[in-house]
Amino acid sequence: MAEAIVALSTPPGIAGLSVIRASGDGVFDIVDQCFKGKVRISEAKTHTIHYGEFHNKGKLVDFVTVAVFRKPNSYTGEDVAEISCHGGYFVAYAIIETLIEHGCRLAEPGEFTKRAFLNGRMDLTQVEAVADIIHSSSEQAYQTAVRQLAGEFSKRIAEFKKKLLDSAGLLELELDFADEGFEFIDRNIILKSIDETIAFCQELANSYHSSEILRSGYFVGIAGFPNSGKSTLFNALLKRKRAIVSEIPGTTRDYLEETIYIDGFSVRLIDTAGLRATEDIIEIEGIRMVESLLAQSNLILVINDLTQGQTHSDALFFELRERYKASRSILIQNKIDLVESQPQQRDFEIFISAKNNQGLDKIQELIREELRKETQHIKDVLINQRHHLLLKRAGEELRKARESLLEGLGNELVADDLRKAVKTLGEIVGDTFSQDVLNNIFSKFCIGK
Ligand SMILES: Nc1nc2c(ncn2[C@@H]2O[C@H](COP(=O)(O)OP(=O)(O)OP(=O)(O)O)[C@@H](O)[C@H]2O)c(=O)[nH]1
Ligand SMILES: [Mg+2]
């Protein structure tokens with residue numbers, strides 16, 4: 001028995017339309033108690049739309065259309081009614097309240113999608129793709145998530161699982177005929193499918209870092225001594241005056257973050273407080289924050305004021321480059337317009353004038369090049385932490401199976417390792433799952449999805 005649930009599926013507020021979704025046993029009868037149209041919803045054909053009046057206790061609430069999806073051919077796999085009404089703050093809530101009065105319960109975040117999963121309408125990687133589509137902040141993330149929703153990831157996992165299971169099955173069958181000394185499957189064929197699956201797991205696990213960049217954006221931290229021109233560069237890259245710029249050192253105290261788009265990727269620029277020894281309590285707090293901002297940056301731009309000398313920020317640059325080894329660091333020599341001639345360029349620096357928009361193309365090209373490098377391993381999947389852990393575990397289990405096979409250990413041992421890896425791969429798509437895993441996945445959803 002699927003309890004009837006209801007929720008607003010569109011954002012609340014001023015809009016042309018709002019869509020309310022109701023799903024579960026008896027939803028059509030519930031809607032019929034409030035809806036007056038030419039046809040009763042409980043008698044309507046699946047995949048049809050009906051226009052009529054929506055009433056609450058005899059009072060007209062709105063003119064609406066009701067889309068009917070009968071189980072199992074609906075998003076959740078249950079009977080689903082989608083009511084489109086006028087947008088705004090009141091109408092949709094009045095309709096939801098009425099439906100609750102007539103027997104629906106307000107849906108929890110992600111409950112529609114959870115039901116879709118539990119009813120076999122999609123597997124876990126597709127559920128995760130839905131969340132990634134909703135939250136995608138860049139074209140590239142969205143396109144990858146759509147391919148994942150189409151089931152590319154699941155299909156490949158199913159292929160590998162089948163090959164490994166076939167091998168395990170034949171190895172076990174051989175045991176039954178041990179006395180006859182038959183070999184049912186060539187060991188090289190098993191080795192080949194183990195190696196191919198290991199490579200598959202490895203390749204996808206390696207794209208975790210890139211997937212995170214697609215999902216959360218590529219972070220560019222702008223750091224340096226006060227007054228070097230960090231905020232000026234931040235504004236220039238943003239192409240609007242967002243940060244306050246002044247000749248007074250210590251102007252930026254809190255950090256600022258804005259997103260720009262480069263080649264369909266979202267790039268998150270972070271302007272930070274100038275780094276220096278200071279007594280000012282607020283500034284000290286700002287500087288402390290810089291450390292954690294730089295720790296999460298993929299690219300760190302250390303800005304130097306050239307009028308102070310080309311090597312003025314060298315010690316700071318080398319220290320930051322050493323401290324944040326996982327990130328790429330570049331020294332930006334700023335205020336080139338104020339020096340007579342450009343000094344000899346070293347391979348870790350770029351000369352610009354943030355004020356005159358000079359040399360910004362070199363920074364953009366650098367970001368482009370880094371993004372290309374970072375995301376070249378992305379296939380059709382956005383690997384998340386859950387996938388990453390399971391892929392690594394499956395890889396280890398397969399390496400064990402490989403060793404057992406090469407050492408000529410018993411068939412049952414090899415088959416057992418293979419079945420373990422199949423189970424782990426199955427966990428990725430949700431063949432088996434724990435409540436914790438489900439709760440964690442659906443906690444990222446909004447109500448109405
Ligand atoms: N001539 C020239 N002046 C610049 C350039 N970039 C920044 N400035 C000036 O340098 C001063 C400091 O610039 P900001 O962008 O506020 O420097 P900041 O690094 O953000 O400084 P804090 O926030 O105090 O750490 C301002 O007067 C800017 O106009 C440049 O390329 N050329
Ligand atoms: Mg500033």
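**Notebook: where domain 2 meets domain 3**

I began by counting salt bridges between domain 2 and domain 3, and the count is one. I am working from a predicted model, by the way. The pair I found is Arg-215 with Asp-132, whose closest N and O atoms are 3.0 Å apart. I then looked for polar contacts across the interface of domain 2 and domain 3 and got eight residue pairs. On the side of domain 2 that touches domain 3, helix 5 (residues 139–149) gives the largest share, four residues.

Next I checked the bounds.

For contacts, I noted ten residues of domain 2 against seven of domain 3. About 720 Å² is buried between domain 2 and domain 3, and carbon and sulfur atoms give 46% of that area.

Last, I turned to the nonpolar cores. The largest has 34 residues, and Leu-233, Val-267, Leu-301, Ile-363 and Ile-367 touch the most other members. I see that this core takes at least three residues from each of domain 2 and domain 3. Leaving out residues up to four places away in sequence, I list Ile-222, Leu-301, Ile-303, Ile-352, Ala-354, Leu-360 and Ile-363 as touching Leu-233. Another core, of 31 residues, lies apart from the largest one and includes Leu-164, Leu-391, Val-422 and Ile-428.

Note on methods
Residues are numbered from 1 along each chain as its sequence is written. Chains are lettered from A and ligands numbered from 1 in the order in which they are written. This is a predicted model: local features need pLDDT of at least 70, side-chain atom pairs count only at pLDDT 80 or more; totals for chains, interfaces and linings use all residues. Side-chain values use heavy atoms; hydrogens and water are left out. A nonpolar core is a set of buried Ala, Val, Leu, Ile, Met, Phe, Trp, Tyr and Cys residues joined through side-chain atoms within 4.5 Å. Buried means under 20% relative accessible area, exposed over 50%, partly exposed in between (1.4 Å probe, protein chains only). Domain bounds come from an automatic or database domain assignment. Contact means heavy atoms within 4.5 Å. Buried area is the accessible area (1.4 Å probe) that two parts lose on being put together, summed over both. A salt bridge is a side-chain nitrogen of Lys or Arg within 4 Å of a carboxyl oxygen of Asp or Glu. A polar contact is a pair of N or O atoms within 3.5 Å; within protein, one must be able to donate a hydrogen and the other to accept it, and residues adjacent in sequence count only if both atoms are side-chain atoms. Helices (H or I, at least four residues) and strands (E, at least two) are DSSP runs, numbered from the N terminus.
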